[in-house]
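Let's take a walk through this model together. Please have the sequence and the coordinates open as you read.

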Amino acid sequence: MKEPVKIMIVEDNVIIGKQIEIAVEKMGYRVTSRVSSGEDAVEKILEILPDVVLMDIRIQGEIDGVSAAQRIGLEFKIPVVFLTSYDNEELIQRAKLTEPFGYLLKPFKEGELRAAIEIAVYKSKVETERAKLREVLREKDEKYKHLVNSLPCGIIESDAAGRIMFLNSVFCKMFGVDEANAAGKPVWTLFTGADEHDLLYAHFQECAKSDSTFSFLTCRCTPVNGLPMEIRMKSGKKTDKDGFHTGFVHIVEDVTEHQKTVRALAESEKKYRMLLESIPSKIFLKDLDSVYVACNANYARDFGLTQENIAGKTDYDLLPGPVAEANIRRDRRIIATGRPEEWEEAYQRDGMETVVRTFKTPVIDQNGAVTGVLSVLTDITERKRDQESLKLHRDRLKVQTELCRMSDSSIHDVAKFVLEEAVRITGSEIGFLGRVSEDQTRLTAIEWSRSVTAECRIGEMEMEMDLEMDPEVKPGVIWSDAVRECRPILVNDYIASSRKTGLPAGHIPLKRVMAVPIVESGCVVMQITVANKSSSYTEEELDQVSILAHGVWRHLKHKQMTEEILRAKDDAEAANRAKSEFLANMSHEIRTPMNAIIGMTNLALQTDLTPEQREYLEAVEVSSDHMMLLINDILDLSKIEAGKVELEDSVFDLRAGLFQMMNILSVQAEKKGLHLIHKVDPDTPNILQGDIGRLRQVIYNIVGNAIKFSDSGEILVRVGVDRIHQESIFLRFSITDNGIGVSKDKLEEIFNPFSQADASMTRRFGGTGLGLAICKQTVKLMGGEIEVDSEPGMGSAFTFNVYFKRPHESMKGKIKPSGSNPYESSTARSKSKAALKILLAEDNIFNQRVAQILLENEGHIVSVASNGKEAVELYEREPFDLILMDVQMPDMDGFEAVGMIREKERRTGGRIPIIAITAYAMPGDDDKCLNAGMDAYVAKPLQQDNLFDVIHRLV
């Protein structure tokens, strides 16, 4: 088995780092190191040498994730996958410059993480192989340039437009030009004379238009070095594999000295011979009768002969009759047409396949007459293997990409795709994919390749087969062997193999077979088999098929996991809906009678009462207020947990806000003889941007608890800077007291809903047990954390940090007023100067009476409807300034009534203000009322100041 992929995790959050480590190891990878800073990652990378680095972008230390990834990628060539919860565009662009091997946004699915790791490992391998291939191609390119520069004639390569792409050294020396300066210029600019320039340009145009592969030109010219010479230029077209014209090769010979001494000719021939022998290709020359004139040593060695022995022979003397006849027929065609030919052929030599590229061209004398045929045979076996390897890698990447895209496809579609790809990539005739039972005795077909049903009756038979697992009882077919041995089985000569027994009746005869199992926890879970490739299967193909098989298995597991997650999600959502419905119903059922109790109690307290009656009613009022605090705390916590709370983003004065809070809280503290102190560190910014309302809620809860559980001493509230970023700041708040304290084993429990450190506290001090739970959730919502340190009898110290923005100068003039607070006593609102005619729709007779008296005491005229139908009828009979509409009523509810009123307004014009009055106060109830056409929302029990504030705002 292969060694598992080694992973380094770079994450400064311990919990997240551990979660990633667990997830990665669960996938079967090995976490070799988990570090929390960029410095540690760079320092330990050479010691560990992981296969992949999972890098958090925003990490502590002098080197952030992007810088660390850049160093790791440049210096150590190790793939890095970024993990981040930040989607800032600037950060993403900066991260992309490091060319990461993946980029995942937190939170991410396990399947996404696995895919990112697999792709990163694969891409790293591919890039390594590409680097090796580029080096091989570079070496071959150098050899090619060396060969061309070694030729005795000038070589010019140009594109289809005649622009110079390459000049060999012979040409540069011959014409006195520099290759770098000449690159990109037209070929005809190499000659200075105007006539010569036009002559060469005309030759180029004729060559481009001609159907002939080669064109010739002999002329006198004056190169840029100013020395006249006579040249002979042979211009040949270059084409790509599809036959499209891509450029020219111009062979330029200086024939000025052609008539000179025989010695010079002999010397030139000697150089030509040396050059010919130094070429690794096999080269030979034939005359017009296809008789060998000469060859290089490489060609003669193939036949075990000397060069001298080859001369004078024909192909019939060296090769089999059919091959010799085909060669001579090609020679005659080349001589007749004057055009070269090039082709590739594969041969079997010593059990190995060899691919040879042959180039044959006519030999033309100075008069343009064909005098023979020159052949060059080049062994391109390695090049073809490199090309096949590169193609295989590209196919692998393409398949992996397609598998990622098929994440939502059915297992049948994925299996079909993978199996057909396995057959195509390996060049097999048939393929099969199946699941193996847990007891390893049955193989169930998932998919057959298309060719199976066409060529093999087995595709029509049972889709489930027994696996013979005991070779002593009965030898099993090859896929049984693969399951029994838990490893791939590759047979390239099935007929001669001992594994050929046990083949089911009707199965197509096998020549070559490759069975690849997927092993998990020591057992085979799935198997893919391909067969009858025309040539031998290779280890590289085995790896490729293995990757495809694992792709199907990962998809199947992902599907199962997704279904489990969806089921769990549905269950959780159902439970959450049931909880929300329960809270909504309980809230409504409690608020409806509480509205009457609180309203009637307040009205009764405004009448003449005996001292004893007043005492009783004030007790009812206090108990009612306590009950409403409990209900509001439950709803507030429910809103936070449901994610329905949105933070305000307004500019405020920190010191002014704290001063107001302490003034209000000090009234309660002084009643118990406590000293309330607050201090703000001098370096703390005063003008901030954020939600001061939520901050006030946390401080009121914690300081309120400190006052409740302290009998003496002082309570200190201190504010300072925790840490500062460019445009943001974390403030640290600490609140200490000398109260009763909490034991160490109860510190975590006090933050749980409906929990207190001691059950006796509820009896002694009262309280819902929700205050600190709300504080914890609110602080988390504001980007911070809360902690407590306490000992029984020694007091408590609560510390929390919250995130705020630092506003721009242009925003500092828009400071939000400190606002109201839950501890502030009610103040009388200004009564409307004009009496309003109000329609009240309310089905509860006690709530009718409470609302009617409140409104009439303010001087308004009230008409009462007991349901929505009566409200609509009253609205149609007489005009009103305002409607107070209960939501839940018999016969016709408030939503239907408002809809009918708004529909009539659309026909007649105008719009009357409608305020929803309802005992529903769950998250979303206010939006539901506003979306139904109401203008405002007031929750029961009615608060007099709140009700008249809303009326004053609307009318």
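## Overall picture and confidence

This is a predicted model, in which local features need pLDDT of at least 70, side-chain atom pairs count only at pLDDT 80 or more, and totals for chains, interfaces and linings use all residues. Residues are numbered from 1 along each chain as its sequence is written, and side-chain values use heavy atoms, with hydrogens and water left out.

The protein has 28 helices and 33 strands, taken as DSSP runs numbered from the N terminus (helices H or I, at least four residues; strands E, at least two). Of its 955 residues, 43% count as buried, where buried means under 20% relative accessible area, exposed over 50% and partly exposed in between, with a 1.4 Å probe and protein chains only. Among contacts (heavy atoms within 4.5 Å) between residues at least 6 apart in sequence, 59% join residues at least 24 apart.

The mean pLDDT, the predictor's confidence in each residue from 0 to 100, is 79, and 81% of the residues score at least 70. Helix H22 (residues 759-765) has the lowest mean among the elements, 46, while strand E26 has the highest, 93. The pLDDT is below 50 over residues 762-766, a stretch with ten contacts in the model beyond near neighbours in sequence. Residues 819-832 also fall below 50, and there the model shows 18 such contacts. Where pLDDT is low, the predicted coordinates should not be read in detail.

## Two helix pairs

Two packed helices are described by the angle between their axes and the distance between the axes. Here the axes are lines fitted to C-alpha atoms over the stretch in contact, and angles run from 0 to 180 degrees between N-to-C directions. Helix H1 (residues 14-26) and helix H5 (residues 110-150) have axes that come within 10 Å and cross at roughly 70 degrees. That makes H1 roughly perpendicular to H5; angles of 65 to 115 degrees count as such, those under 35 as roughly parallel, those over 145 as roughly antiparallel and the rest as oblique. From H1, Ile20, Ala23, Val24 and Lys26 meet Glu110, Leu113 and Ile117 of H5.

H20 and H21 pack at about 30 degrees with their axes 11 Å apart, and are therefore roughly parallel to each other. Among the H20 residues in this packing are Leu658, Met661 and Leu665, while the H21 side includes Leu695, Ile699 and Val703.

## Nonpolar cores

A nonpolar core is a set of buried Ala, Val, Leu, Ile, Met, Phe, Trp, Tyr and Cys residues joined through side-chain atoms within 4.5 Å. The largest has 41 residues, of which Leu695, Ile699, Ile702, Phe800 and Phe804 touch the most other members. Helices H20 (654-671), H21 (692-708) and H23 (771-781) are among the elements that each supply at least two residues, as are strands E25 (714-724) and E28 (795-805). H21 gives the most, with nine residues.

Beyond its neighbours within four places in sequence, Ile702 contacts Ile735, Leu772, Cys775, Ile786, Phe798 and Phe800. A second, separate core of 24 residues includes Cys172, Met174, Leu190 and Cys221.

Asn298 lies in helix H10 (residues 297-302) and, at 18% relative accessibility, counts as buried. Neighbours within four places aside, Asn298 is in contact with Ile279, Pro280, Ser281 and Lys282.

Thr314 sits in the loop between helix H11 (307-310) and helix H12 (315-318). Not counting residues up to four places away in sequence, Thr314 touches Ser290, Val291 and Tyr292. Thr314 and Ser290 are 24 residues apart in sequence and 6.5 Å apart in space, C-alpha to C-alpha.
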